[in-house]
Amino acid sequence: MLTIDPYSKTAGVFSIPRDLLVEIPDGSGGYYTDRVNVVWETGEFVYDNYDGGGAGLIKDTIKHNFDIPIDNLVILDFEDFIKLVDEVGGIDVDVPEYVADYGYTDCYQCYGRLYEFSPGLQHMDGKTALAYARIRKGSNDFKRIERQQLVIQATAEKALGLNLLTSPGKAVDLYKKYKDAVETDINDFLIPGLAKLAQQIGTENIRMVSIASATYPCGECPASVLNADWDKVNELKAQVFSDGRIQAEGALVELQNGTEEAGLAEEFAGFLRKRGISEQDLLLGDAATVHARTLIVDRMGKEYTAKKLAEWLNLPSDSVISGSDPAAAEVAAATGDIVVVIGSDARLATAAVGSGN
């Protein structure tokens, strides 16, 4: 899933393992459980006249399980993928680790062949990029998701580097060339605007997240089927679908417990993770003294995030001060861009109610 924030000029990619167990609409108002990988085929070929066919069932399944509305959908097959990569002259992928499949095939009853990828920068044509994105031998679906994301990023970088999206004319010409090769419900009139927006975002402002770390093997299920820790899934989802301006600022938030209540910083960290602040952007510690009043110190000019933290925690606007304020001297040795000194006035349960997105 791809989300675009036109205001902050950021984007996110949210990947789901193919073997994840989800609830799928049964076409009669109920649900049954199966892998997410069977959804399109079921809606397209198994159900009779499901609204929207396979694409419709995908949208309904994602909305039901992840509470993410899908506005538009694009479907392309292996051959289309190969053509699109070849159209940009191939892509350059910085392969992070060795992976190989000695009998790879991308068609039914075809002879397998060797594909081997060593660490380092490699140029790939369409067929090679497809193989790199698909192979599972000696690896797993989690690693495959990582490789797919690398291919997506490399393709976007190449298209931007060739200035294919700099003018509406070039973007429309490319779209017309491959329009019949893909199935999509995106209106033709949106293509120039989307191309311009993609150019403005670039690839450095795309956050890629996989929910692989929030899944675990389903013990009573057939091999390879996965269950999800949905609390963890929601934290990862928030990293992609939360306020793009917070993602763009990328503030390192340091939580200091300024009370005598043990574990309060950890509780606040869990609350913020559900709001899109990733675990790697959170630091936890204790304040030097006990505080009656919660204070947010913006040490590095991350003004939007600092104000948003105050809003989420139902704090008055004067709770936010700059790093040059005399009251910020206590956190001068802190390493966070923003330091939240949690005072005894903090009430997480109250903050969680009506905190908004």
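**Close-up views of a predicted model**

**View 1. A hairpin links strands E3 and E4.** In the hairpin of E3 and E4, Gly27 takes a positive phi near 85 degrees. There are 5 residues between the strands. Strand E3 (residues 21-25) and strand E4 (residues 31-35) run antiparallel and are joined by 5 bridges. Val22 has Asp34 of E4 as its bridge partner. Strands (E, at least two residues) and helices (H or I, at least four) are DSSP runs, numbered from the N terminus. Two strands pair if DSSP finds at least two bridges between them.

This is a predicted model, in which local features need pLDDT of at least 70, side-chain atom pairs count only at pLDDT 80 or more, and totals for chains, interfaces and linings use all residues. Residues are numbered from 1 along each chain as its sequence is written, and side-chain values use heavy atoms, with hydrogens and water left out.

**View 2. The protein chain has 12 helices and 18 strands.** Its C-alpha atoms fill a box of roughly 70 × 50 × 40 Å, taken along the principal axes. Of the 357 residues in the protein chain, 43% are buried. Buried means under 20% relative accessible area, exposed over 50%, and partly exposed in between (1.4 Å probe, protein chains only). Take the contacts in the protein chain with a separation of 6 or more: residues 24 or more positions apart account for 67% of them. Contact means heavy atoms within 4.5 Å.

**View 3. Strands E1, E2 and E11 form an open sheet.** The order is E1-E2-E11, with mixed pairing. Strand E1 (2-5) and strand E11 (206-210) are the edge strands, and each pairs on one side only. From one strand to the next, the twist averages 15 degrees. Angles run from 0 to 180 degrees between N-to-C directions; axes are lines fitted to C-alpha atoms, for helices over the stretch in contact. Strand E2 (residues 10-15) runs parallel to E11, joined by 5 bridges. Met208 of E11 is the bridge partner of Val13.

**View 4. Helices H3 and H4 pack together.** Helix H3 (residues 78-87) meets helix H4 (residues 126-134) at an angle of about 125 degrees, with their axes 8 Å apart. That angle makes H3 oblique to H4. Angles under 35 degrees count as roughly parallel, over 145 as roughly antiparallel, 65 to 115 as roughly perpendicular and the rest as oblique. H3 contributes Phe78, Phe81, Ile82, Val85 and Asp86 to the contact. H4 contributes Gly126, Lys127, Ala129, Leu130 and Arg134.

**View 5. Arg144 lies in helix H5 (residues 141-161).** Arg144 counts as buried because its relative accessibility is 8%. Leaving aside neighbours within four places in sequence, Arg144 is in contact with Arg18, Ala133, Arg134, Ile135 and Arg136.

**View 6. Helix H10 (residues 264-273) is mostly covered.** In H10, 7 of its 10 residues are buried. Among them are Leu264, Phe268, Phe271 and Leu272.

**View 7. Five strands form an open sheet in the order E15-E14-E18-E16-E17.** The pairing is mixed. Strand E15 (282-286) and strand E17 (320-322) each have a single partner strand, so one side of each is left without a neighbour in the sheet. The twist averages 20 degrees from one strand to the next. Strand E16 (residues 295-298) runs parallel to E17, with 3 bridges joining them. Val297 has Ile321 of E17 as its bridge partner. Helix H11 (residues 303-312) lies across strand E14 (253-257), E16, E17 and strand E18 (338-342). H11 runs at about 175 degrees to E16.
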